[in-house]
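Look at the model below before reading on. The paragraphs that follow go from a group of rings to the cores, then to one helix, and then to the charged pairs.

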Amino acid sequence: MDFNMKKLASDAGIFFTRAVQFTEEKFGQAEKTELDAHFENLLARADSTKNWTEKILRQTEVLLQPNPSARVEEFLYEKLDRKVPSRVTNGELLAQYMSEAASELGPTTPYGKTLIRVAEAEKRLGTAERDFIHTASINFLTPLRNFLEGDWKTISKERRLLQNRRLDLDACKARLKKAKAAEAKATSEQELRVAQTEFDRQAEVTRLLLEGISSTHVNHLRCLHEFVESQTTYYAQCYRHMLDLQKQLGRFPGTFVGTTEPASTPLSSTSPTTTAATMPVEPSVAGMAPPGETALCLEEVAPPASGTRKARVLYDYEAADSSELALLADELITVYSLPGMDPDWLIGERGNKKGKVPVTYLELLS
């Protein structure tokens, strides 16, 4: 192998000079060229961006894939530039177990029918989760990784070059101070001018890269909006799937959904001003009368002597049958209770329309 001994010796000499200069600066025995305040602010901003981007990236990876072994496997596939094999989500695996259990325990029994319904919902949840993970990885994780593995590596490389140029410049300044003879001073001055030019040129290159961090923030802001949008879509799908499942289970005979405890307060005038539900939950029983009793005829229902109350609808509600009243969010309706009614339901009136409405979809007003 052909070595250029002169170049090797020159590089070794430069490295040694830089090491001596750096050590003397650390011990306060040599002067150090300071960067201007704006440049220092750019450096601090870049470091902060890099550190927080790493933390956000890692925690988002944990959010999307809580299993550390799976994350390591995906990391290895990525480094080997190979496609990550498709992995069954927890929801899809649960759906598979429930379907198999229903087949073995009896798909025509109430328990078996319910297992099948829940399995279908869990499968849809698993599919929604898979879509969310895929979308978030492309729109959010990939841009963050590209910054850390691309732009930041370029910035780090130019910063190291700037550090070397600064050490060379300060070493030239130190040699000029120590020079005694006129010839030595002239040589040192020439070296100082060259070092100063190289330092200024490298400082400008590094400054331009650091100022580009603002564009990085704009790009990450757009990606963050897309991540929130995909997360919103995912949770909306999950809510819709579970609400549909809850309605289906509420129509199954012998199926219990929600809580059997009273969910509403008395409708007397001394009730608290507002009773609000944080999330809509389907009432425990879809019928209006307890088992064994005759259901009330809505056409014959009249407001009780105790009076009625106004209620604001919190969420849209689709009537399951003709005995229920469909609701639209934010509309005001008149509600009242009747003896023998399920406590999770009220009678709602809007104009000439009347029907049962779930209490958890309402904010009762005084």
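**Rings, cores and charged pairs**

Phe132, Phe140, Phe227, Tyr234 and Tyr235 are linked by ring pairs into a cluster. The model that shows this is a predicted one. In the whole structure there are seven aromatic pairs. A pair of aromatic rings is described by two quantities, the distance of the centres and the angle of the planes. For Phe140 and Phe227 the centres are 4.8 Å apart and the planes are at 25°, and the pair is stacked. Phe140 belongs to helix α5 and Phe227 to helix α7, so this pair ties together parts that are 87 residues apart in sequence.

Tyr234 has a relative accessible area of 14% and is buried, whereas Tyr235, with 48%, is partly exposed.

Phe140 also has a place in the largest nonpolar core. This core has 30 residues, and Phe132, Phe140 and Leu210 are the members that touch the most others. At least two residues of the core come from each of α2, α5, α6 (182-211) and α7 (213-250). Which helix gives the most? The answer is α5, with 14 residues. Setting aside neighbours within four places in sequence, the contacts of Phe140 are Ile56, Thr60, Thr135, Cys223, Leu224 and Phe227. There is also a second, separate core of 19 residues, and Tyr317, Leu325, Val335 and Leu346 are among them.

Helix α2 can be followed from its start. There, a side-chain oxygen of Asp36 comes to within 3.1 Å of the backbone nitrogen of His38. The helix covers residues 37-64, which is 28 residues, and at 1.5 Å a residue it should span 40 Å; its end C-alpha atoms are 40 Å apart, which agrees. Its buried residues include Phe39, Leu42, Leu43 and Ala46. Thr60, Glu61 and Leu64 are also among the buried residues of α2.

Glu61 has a charged partner in this helix. Side chains of opposite charge can pair when their charged atoms come close. Glu61 and Arg58 form a salt bridge, with 3.7 Å between the closest N and O atoms. The two residues are three apart in helix α2, so about one helical turn separates them. An α-helix has 3.6 residues a turn, so residues three or four places apart point the same way.

How many salt bridges does the whole structure hold? A search finds 15. In one of them the side chains of Asp47 and Arg159 meet, at 2.7 Å from N to O. This pair links distant parts of the chain, since Asp47 is in helix α2 and Arg159 is in helix α5 (residues 110-178), 112 residues apart. Asp47 is partly exposed at 28% relative accessibility, and Arg159 is partly exposed with a relative accessible area of 24%.

A further salt bridge joins the side chains of Arg312 and Glu363, at 2.6 Å from N to O. Arg312 lies in strand β1 (residues 309-313) and Glu363 in strand β5 (residues 362-364), so the pair ties together parts 51 residues apart in sequence. Arg312 counts as partly exposed, at 27% relative accessibility, whereas Glu363 is buried, with a relative accessible area of 14%. Elsewhere, salt bridges that share partners join Asp36, Glu204 and Arg207 into one network.

The last step is the overall plan. The protein has seven helices and five strands, and along the sequence they follow the pattern α-α-α-α-α-α-α-β-β-β-β-β. Of its 366 residues, 34% count as buried. Among contacts with a separation of 6 or more, 72% are between residues 24 or more positions apart.

Notes. Residues are numbered from 1 along each chain as its sequence is written. This is a predicted model: local features need pLDDT of at least 70, side-chain atom pairs count only at pLDDT 80 or more; totals for chains, interfaces and linings use all residues. Side-chain values use heavy atoms; hydrogens and water are left out. Helices (H or I, at least four residues) and strands (E, at least two) are DSSP runs, numbered from the N terminus. The expected span of a helix is 1.5 Å times one less than its number of residues. Buried means under 20% relative accessible area, exposed over 50%, partly exposed in between (1.4 Å probe, protein chains only). A polar contact is a pair of N or O atoms within 3.5 Å; within protein, one must be able to donate a hydrogen and the other to accept it, and residues adjacent in sequence count only if both atoms are side-chain atoms. A salt bridge is a side-chain nitrogen of Lys or Arg within 4 Å of a carboxyl oxygen of Asp or Glu. A nonpolar core is a set of buried Ala, Val, Leu, Ile, Met, Phe, Trp, Tyr and Cys residues joined through side-chain atoms within 4.5 Å. Contact means heavy atoms within 4.5 Å. Rings of Phe, Tyr and Trp (its six-membered ring) pair if their centres lie within 6.5 Å; planes under 30 degrees apart count as stacked, over 60 as edge-to-face and the rest as tilted.
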